[in-house]
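Here is a short report on one protein chain. Read it with the sequence and the structure open.

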Amino acid sequence: MSKTNKLAPKLVIYGTGFVGQTLTRLAVKKGWEIVAAFNRAGDKVGQDLGRLAGLQEDIGVPIQDCDKADYDAIEADVVLNATNDLLDQNMPVYERFLTRGINVLCHGGQLYNPRLSNRELSEKIDQLAQDNGVTITGSGIHDMSRYWSGMIAAGPCVEIDAVRHISYTEPLRQGTHFAPILGIDVSVDEYKSKVGPALSPYCKMMSFPVVTVLEYYGCKVTELNGHVEPVVWDEAVYCPYLKKEIAAGQSVGTRYIVEVQTEQGTTGHLVADQRVFRESDEEAMIWRVEGQPGVEVKVIREDSAIASASSLFNRIPDVLAAEPGLKTLVDLGPEKPSAFL
């Protein structure tokens with residue numbers, strides 16, 4: 001289907017993990033119809049989406065095997081893709097729906113500002129969307145909390161010397177499968193030999209908010225450097241998600257550190273912790289703009305598990321209203337709540 005002004009769109013859920021299930025509950029509560037759901041082969045295939053999402057009743061949408069389904073039979077306005085972050089891995093999903101005239105909203109982090117990841121592939125996606133008269137964009141929890149909060153922070157400034165982004169997140173809220181990926185409850189030696197090398201390539205993607213904000217301010221990035229390190233405390237901490245105490249000296253997660261240089265001399269800095277929280281910790285995104293005047297914006301994420309899906313969900317009206325093509329968060333402007341739609 002092409003563009004529509006409806007505020008009750010027909011949706012497809014692609015990927016029925018935590019985010020996909022949350023999107024399902026949001027859509028059902030809003031009264032927006034889900035016409036199909038897809039997942040990779042496994043025990044979820046064949047289940048009713050409503051039951052899987054914890055609604056305690058069938059909604060008449062059986063989960064289909066994504067590799068065997070008939071996509072030509074779908075009548076939908078938007079697919080909500082909740083699979084992974086990478087453009088190249090998501091490309092088959094984009095092609096399946098864009099070529100059938102269905103708008104795409106993707107939870108993948110690289111689609112927020114995709115040319116920073118792969119300009120050539122971004123241009124291909126843009127052309128594919130335009131050729132079929134539909135829109136594709138990315139969104140999720142970083143939309144407002146990491147990107148737009150930083151873009152609006154410097155509004156009062158007449159001079160900008162540096163931009164600093166500091167964040168603290170508790171990833172296990174969205175699933176304990178993140179523990180080995182982020183080096184939670186491993187020794188420092190194991191972190192350095194296994195976890196660090198695997199995560200280092202993600203420094204570039206973690207830099208995207210800072211790069212996007214600097215470019216939004218009018219800066220041209222000339223150099224980017226980043227590394228990861230384990231977060232280690234000298235005291236034990238209890239992790240309720242793993243239901244165990246992590247000993248002092250063990251890694252409790254990962255810290256990303258990124259430094260950015262620009263042609264204008266303004267520098268960008270990112271320190272982002274993804275780690276186990278202590279009782280006194282809060283999930284926060286902080287932007288500090290050093291200049292004239294100095295400005296600080298702090299976003300507290302009280303329920304990041306829901307916010308990850310709701311941020312994507314709230315972009316549905318923007319995608320339906322946008323011109324065909326690949327759109328970034330900057331193109332769409334700040335997101336709006338869906339509370340009154």
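## Cysteines

Cys 239 is buried, because its relative accessible area is 0%, under the 20% cut-off. Cys 203 is buried as well, at 4% relative accessibility. This is a predicted model. The count of disulfides in it is zero. The rule asks for cysteine sulfur atoms within 2.5 Å.

## Nonpolar cores

The largest nonpolar core holds 44 residues. Tyr 256 and Val 276 have the most contacts inside it. Helix H9, residues 208-217, is the element that gives the most to this core: six residues.

What does Val 276 touch, not counting residues up to four places away in sequence? The list includes Leu 172, Ile 184, Trp 233, Val 237, Ile 246 and Val 252. Cys 239, buried at 0%, is also touched by Val 276. So are two acidic residues, Glu 170 and Asp 281.

## Helix H7

Helix H7 covers residues 188-199. Its end C-alpha atoms are only 14 Å apart, whereas a straight helix of twelve residues would span 16 Å at 1.5 Å a residue.

Which residues of H7 are buried? They are Tyr 191, Val 195, Gly 196 and Leu 199. These four lie on the same side of H7, because they cover an arc of only 100 degrees around the axis. An α-helix has 3.6 residues a turn, so residues three or four places apart point the same way. Asp 189 and Lys 194 are on the other side of H7, and they are exposed.

The buried residues of H7 have several packing partners. Two are helices: H6 (178-181) and H8 (203-206). Three are strands: E8 (184-186), E9 (221-232) and E12 (251-262).

## Thr 267

Thr 267 lies in strand E13, residues 267-275. Is Thr 267 buried or exposed? Thr 267 counts as buried, because its relative accessible area is 15% and the cut-off is under 20%.

The side chain of Thr 267 makes a polar contact with the side chain of His 269, at 2.8 Å.

Key. Residues are numbered from 1 along each chain as its sequence is written. This is a predicted model: local features need pLDDT of at least 70, side-chain atom pairs count only at pLDDT 80 or more; totals for chains, interfaces and linings use all residues. Side-chain values use heavy atoms; hydrogens and water are left out. Buried means under 20% relative accessible area, exposed over 50%, partly exposed in between (1.4 Å probe, protein chains only). A nonpolar core is a set of buried Ala, Val, Leu, Ile, Met, Phe, Trp, Tyr and Cys residues joined through side-chain atoms within 4.5 Å. Contact means heavy atoms within 4.5 Å. The expected span of a helix is 1.5 Å times one less than its number of residues. The arc is that of the directions from the helix axis to the C-beta atoms. A polar contact is a pair of N or O atoms within 3.5 Å; within protein, one must be able to donate a hydrogen and the other to accept it, and residues adjacent in sequence count only if both atoms are side-chain atoms.
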